[in-house]
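Subject: Handing over a structure

Hello,

Here is the structure I promised to pass on to you. My notes on helix packing and cavities follow below it.

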Amino acid sequence: MAADLEPGRRRRCCAQDTPDAPKVPDSRGDSDGPRRGSLCDRHCAAIYNVQGDLGDLGCHLHRPRVPPATSTPNCCQQHSEEVCESCVVKTTLTAENAVEANKLSNNYKFGFKKWKSHVTARPWEDRSEIVKELYSDLNVIRASGGSTLTCGNVLYLLLFGWWLSLLYVLVAAVMFITVMGAPYGRLCWDLAGYFLWPFGKVIQKVEVPKSHQACETGVGESSALLGGATPLRWRPGCWLGTGYWHRASTAVWLCLGYPLLALAHGLVCVTAWLLIVLIPVAKLSARATSRVLPLPPERVLIRRLRMTEVPLEGEVILCCYRAANPYYYKYAVDGINVFAVNLLPLVLVTLVLGYVDSPNQLTGSAVKFTLALLSIMPLSYYIGMAIASISAQSNFAVGAVVNATFGSITELTFYITALIKGSREGNRCYAEVVKSALTGTLVGCVLFVPGLCMVIGGIRHQEQRFNSRSAGVSSALLFLSVGGVFAPTLFSKVYGKLVCGECHNVTQNPLGHYLCHNCHFDLMDNNGTLYYSHVQPLVYTVSILLPAAYLIGLFFTLKTHTHIYDIHISDCHMPGHHHSAVVHWSRWRALVILLLSTLCMSACADLATEHISPILTNSTISQYFIGVTVLAMVPELPEIVNGIQFALQNNLSLSIEIGNCIAVQVCMLQIPILVLFTIFYPTNFTLVFSDLHVYASMFSVVLMNYIFMDGKCDYFQGTVLVMVYFILLAVYFFAPSPSGC
């Protein structure tokens, strides 16, 4: 989105590229009157730094030609010093289909989850060549494959090639010993050389003439030279139907050779798939197990390709040139990123270990706690994609309800389970950890998330611009929410009584200086009069006003002042392309995945809180640091990845909105929900934070607003935010543990 350089001034000359989808200038601009001079157009174009990768997005950026001789009195006269005062930017997004257009529109709606990945299947012809190569089968012979001596191929040789080739040699020896399996022995010998270094080689299935396929009954062609029928197992072509499966050699192969090789290829396939960059090796092993090894040996032809050689006729089964491809981080299975797919078995392992091994006989609490936290990451991804899919296929009301209900389910699940466990054990430390996690999420989303996106996006783009008006709305809500959340804390500091655990006289003088430890403001003085009569009503008042302010912000941005986002969804497509929406997840499927992921999230959060107690009591690290870092930022990793992807495509507006929206939801939704929960289920949670939380949060919000004032940024400003975040982490690391822990 384009940014306003000065408050209250709008431009209309050009549209800045948003990488979330391509844009075209609003068609209404042609009816507004004569165009401005080309010098002004060039000046505005230079301001907005129009750029973007349109080839990967599936549409054109149309820029109408401006007559150089036309001008109006409204255009600026001092082009070198000022910009066009009447320039108004209208960002037009273009998507492949209506569902994808709804998803793009929801990304710019306040309170809706920002999602980068597609929720529909993209047309194959719109994909880049790099992406097409990721999804292609290993059965294409290239005209020029280049050198096969690469680092990835050598890595394959060291990890898999040598022992897989040795295994084929051993199986070949076993087949030769059985005599009847000699044909398969020769095949395994040839495959041993192939799998030692399969690159630049091809496996083809030899075509058999139709005249050779009529020997299913065992009576073959007679030969005057041979004086009779050729034995069935030695005759090429007699493999179809029951003839092939009735061979004695086939029975020996299926009993002694194929199971062992299939198990080895399965191990290679799983290992290579988990490494992601070696997914071509996984495809190679899977295709060898399913397409090569079941074939009769006479139907398999292995040969080395030469640059000038024309391939033989016949079906190509395997042809691999590279064992590794760094672009496989983009690979998706049914719309699910490969990282989320690989982490899904971790959830099952976590649940089985957590609830079956409850006495901690197999693993300790530290391992189970780590597994539970890691399992939260893929579950957060599935919840985010399910919310985006349902919102894109539904109307605004349904999307708003789903986002409001499940948008913060990941964090709330952990907080509530921790408070319940702390209440049952009578341990105040859990409530302090929850407060640290809330503060860590707020500080991380205000400083670390936008700062990291600025740094990574600034590496590719020298200067990035964003919509300062939309960022200003989020900043105003942040100021309001932080002030409301910490109002009870400030009130207790003013009217509370300072109580210290123990004090020592440093000067040995009764009137001298005293050194006190474990000091805190006692809110329960005089039988809790201060807290129950003054602080608690203030907490309830704030918990009502903050959600009300959030609703007003939604109404402001989504209803009365939608123009501040300057977003228009166009229904144009690439010329000649008219694609219907093929969604990855239907609404019902997304709803089922959302509910299942929420249940698994609750179980993982329960395991995390169950096994966090030994870590809190035995660890030398401050509980503040554990809550601010691990418990706060791990559930937000999918959102951080989305923000980085938006920033890399020069759409910093959405990167900033991701952090701001999470921070606003923490203060205006999550904390009031926790306060409401304590009314029905009494816990040790009170809306009174330590001084460290107050100062860190307020300083972070002030610094963020100072950085975002001019509507533009670079990697240096992002570095400042990230460094301040790490300084605050250092403060939390060396801070003493909170009282009650």
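Predicted model: local features only at pLDDT ≥ 70, side-chain atom pairs only at ≥ 80, totals over all residues.

Residues are numbered from 1 along each chain as its sequence is written, and side-chain values use heavy atoms, with hydrogens and water left out.

Helices here are DSSP runs (H or I, at least four residues), numbered from the N terminus. Helix 17 covers residues 587–610, and its axis lies 9 Å from that of helix 12, at an angle of about 40°. Axes are lines fitted to C-alpha atoms over the stretch in contact, and angles run from 0 to 180 degrees between N-to-C directions. That makes helix 12 oblique to helix 17 (under 35 degrees counts as roughly parallel, over 145 as roughly antiparallel, 65 to 115 as roughly perpendicular and the rest as oblique). On the helix 12 side, the residues in contact (heavy atoms within 4.5 Å) include Phe414 and Lys421, and they meet residues of helix 17 including Met601 and Asp606. This contact divides into six nonpolar, six polar and three charged residues (Ala, Val, Leu, Ile, Met, Phe, Trp, Tyr, Cys and Pro count as nonpolar, Asp, Glu, Lys and Arg as charged, and the others, Gly among them, as polar).

Next come helix 7 (residues 248–275) and helix 8 (residues 279–292), whose axes come within 7 Å and cross at roughly 160°. Helix 7 is therefore roughly antiparallel to helix 8, and their crossing is left-handed. Among the residues in this contact are Tyr258 and Trp273 of helix 7 and Ile279 and Val281 of helix 8. By class there are 11 nonpolar, three polar and no charged residues.

Helix 9 (residues 338–356) packs on helix 10 at about 135°, with the axes 8 Å apart. The two are therefore oblique to each other, and helix 9 passes helix 10 in a left-handed crossing.

Finally, the cavities: there are eight of 30 Å³ or more. A cavity is a set of points on a 1 Å grid over the protein atoms alone where a 1.4 Å probe fits but cannot get out, and lining residues have an atom within 4 Å of a point.

Best wishes

Terms used. 1 Å grid on protein atoms, 1.4 Å probe; cavity = no way out; pocket = protein on both sides within 12 Å on 5 of 7 lines; lining within 4 Å. Points joined across faces, edges and corners; volume = space filled by probe spheres on them. Left-handed = near helix turned anticlockwise from the far one by under 90°.
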